[in-house]
Amino acid sequence: MVLPGEQARLYRPRPELLPAAHVPSLPHYQRLYQRSVEEPHEFWGDIAKEFYWKRQHTGPFLKYNFDVTKGKIFIEWMKGATTNICYNLLDRNVNEKKLGDKVAFYWEGNEPGDSTKITYRELLHKVCQFANVLRSQGVQKGDRVSIYLPMILELVVAMLACARIGALHSVVFAGFSAESLCERILDCGCSLLITADAFYRGDKLVNLKQIADEAVRKCIDKGSSLKKCIVVKHLGREEVAVDGTCSKSPPLKRLCQEVQEKKTESSQRLHPKTPWNPATDVWWHELMRGASTECEPEWCDAEDELFILYTSGSTGKPKFEGVPTYPDVGRMWSIIDKYKVTKFYTAPTAIRLLMKYGEEPVKKHSRKSLKVLGTVGEPINPEAWLWYYRVVGEERCPIVDTFWQTETGGHMLTPLPAATPMKPGSATFPFFGVVPAILSESGEELEGEAEGYLVFKQPWPGIMRTLYGKHQQFETIYFKKFPGYYVTGDGCRRDKDGYYWITGRIDDMLNVSGHLLSTAEVESALVEHTAVAEAAVVSHPHPLKGECLYCFVTLREGHEFTKNLADELKKQVREKIGPIATPDYIQYAPSLPKTRSGKITRRILRKIAKNDQDLGDISTLADPGIIKHLFSSRCDTKQ
């Protein structure tokens, strides 16, 4: 419970953070921030000097247009300069900075004890090998590659290998359905798919190859140019760790053996049934065998495309191969202790999930290494913020509550750990180079305390450049509502101290566990059922997910609303879009509240879903009488 005034209280960073901080104070942040927005050429030019450039830019450092009334929307930073992201991430660290033997990252599998690590040199070799594999499969600069993998080492290798040869990778979340994967392959015109045999999410086995095969069949039926499918033998691999090693500690060695026995058992159960098409399918490990560990990078223009990413990302999902409560609810905290984690970044939905189990599972673990706690994916409610701060961080770790979008390519509003006094639930102040504004419905820029549309007034280096193959749609969605501004689609409030508070989506989108879902997409999946004439989807508060889906359906003549039908509809949405989109509530509606022009009034439906009788003006409705019926038949408990 949040006590009165607690939400507005300032929580100041502790002085222990100052010695290692890049930005050690609020005045220091303010000076740097002013420079970043008033002199972006100099500010970002200094940052660019930290990278390797094969050729320097010859034209303007920055050119852009945010105003659709003045022509095409475009953003160009350092156009004409050439570099390679993979080269900057790996080659320079290995060859120039002499960090070849330093661990690049640790990998933690679904089962405790199933883990490995990889150095920068090892990663460089694997990336070069797979880059050569891609070239051998005919992948060239500008081609698109779809990556449908769980959170395993090969995912990172594949992404960096694509960047090394100038191919665009499109990562598809491994929880998405065959239909969703097919749509993304077709959208991007991908010529190659990378997937895995299967993986575990907790104790659930996911047959990824089976889903991928269904997607490939759908793609081919629709005329896709997809030619090859490279398959990682993840569950079937012979070694416990990627490098074949396991700790010599007897207890851990026994645990590793148990993990391997489980994997062998699952492999034997899985692989005889794993579908295989010799015309398209090839094993990752067979292609890698003998591939050279040297690969000349493709030098790309600073404005060449790097990757394609869909906005329905996986922010709210765990980035361990498994789930945060498997094999027990202390998994996250045990990993923190195991690796001496200093910065921990997760989503409010995960925090709320772990809050359910109380403080004991957290306090069983030390967590003394923690210095900074981060949160991402959706606005965090003050109760979750305070629990995170007090229980997990023991009131010594600042909460970095970040607001950003897939489209922005980086943080937009965020506290800085050693500089920003925090307010529970506020994303605080803009990041460097970001100029936010709050607009009224009429497009007036509001000053001081205000609430309205969150927009940004000028570009930053990470901003998306377009919607792939749909630039006009890109301009319509992000720039036409308020010419001269990038429109986030989120509502925002600025308080008397200048702190920004994200209030949620202002269009017909839902944020379910950090996933942005389109109500129109869910409605389309529902009306594909032969029994459904019309559907409307709105958000409903959920204690763990933040929001969940509440669906109203009107049936065709001759059909009856039953529990079986509701279950069928949930299954249909799950298969069409993915598990994250499964509705929590489906309510029968003889008809839907509409204006006289026929527009469904979702504002009223949101009120009905929440059992909020304060409806405001309903004079524009064609049939106000339907409202009473919908209130009386609403879903009071989860189906």
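**Entry 1: the whole chain**

I began with contacts (heavy atoms within 4.5 Å). Among contacts between residues at least 6 apart in sequence, 72% join residues at least 24 apart. The model is predicted, so I noted its rules: local features need pLDDT of at least 70, side-chain atom pairs count only at pLDDT 80 or more, and totals for chains, interfaces and linings use all residues. Residues are numbered from 1 along each chain as its sequence is written, and side-chain values use heavy atoms, with hydrogens and water left out.

I looked up the secondary structure and found 18 helices and 27 strands. Helices (H or I, at least four residues) and strands (E, at least two) are DSSP runs, numbered from the N terminus.

Next I checked burial. Buried means under 20% relative accessible area, exposed over 50%, and partly exposed in between, with a 1.4 Å probe and protein chains only. Of the 639 residues, 53% count as buried. The accessible surface comes to about 29,300 Å², and 52% of that belongs to carbon and sulfur atoms. Areas come from the Shrake-Rupley method with a 1.4 Å probe; for residues, only the protein chains shown count as cover.

**Entry 2: confidence**

I looked up pLDDT, the predictor's confidence in each residue, from 0 to 100. The mean is 88, and 90% of the residues reach 70 or more. Where does pLDDT stay under 50? One stretch is residues 238-256, with 22 contacts beyond four places in sequence. Another is residues 312-319, for which the model has 23 such contacts.

Is helix 5 enclosed or open? I found 11 of its 13 residues buried, so helix 5 is largely enclosed by the rest of the structure. Among the buried ones are L153, C162, A163 and R164. Just after the helix, G166 takes a positive phi of about 80°.

N84 sits in the loop between strand 3 (82-83) and helix 3 (85-96). N84 counts as buried because its relative accessibility is 1%. A polar atom of its side chain lies 3.0 Å from the backbone nitrogen of Y87.

**Entry 3: cysteines**

How many disulfides does the structure have? A search of the whole structure finds zero. A disulfide is a pair of cysteine sulfur atoms within 2.5 Å. For C162, the closest cysteine sulfur is in C190, 9.4 Å away, which is too far for a bond. C162 is buried, at 0% relative accessibility. For C128, the closest is in C295, at 5.5 Å, also too far for a bond. C128 is buried too, at 2%.

**Entry 4: helix 13**

I then turned to helix 13 (residues 382-392), where nine of the 11 residues are buried. The buried set includes P382, W385, W387 and V392. These buried residues pack against helix 10, strand 15 (343-346), helix 11 (348-355), helix 12 (360-363), strand 16 (372-375) and strand 17 (399-401). E394 follows the helix, with a positive phi near 55°.

**Entry 5: backbone angles**

Most residues other than glycine have a negative phi, and most peptide bonds are trans. I noted these cases against that. K340 has phi near 55°, lies in the loop between helix 10 and strand 15, and is exposed at 56%. R367 has phi near 60° and is placed in the loop between helix 12 and strand 16, but R367 is buried at 2%. The peptide bond from Y326 to P327 is cis, with omega near -5°. P327 lies in the loop between strand 14 and helix 10.

T311 is in the loop between strand 14 (307-308) and helix 10 (331-339). Its 36% relative accessibility makes T311 partly exposed. Its C-alpha is 8.4 Å from that of H515, 204 residues away along the chain. Not counting residues up to four places away, T311 touches T406, E407, Y478 and L516.

Last, I looked up R634, in the segment after helix 18 (625-632). R634 is buried at 12%. Its contacts beyond four places in sequence include H540, Y550 and Q587.

Note on methods:
Polar contact = N/O pair within 3.5 Å; in protein donor to acceptor, adjacent residues only side chain to side chain.
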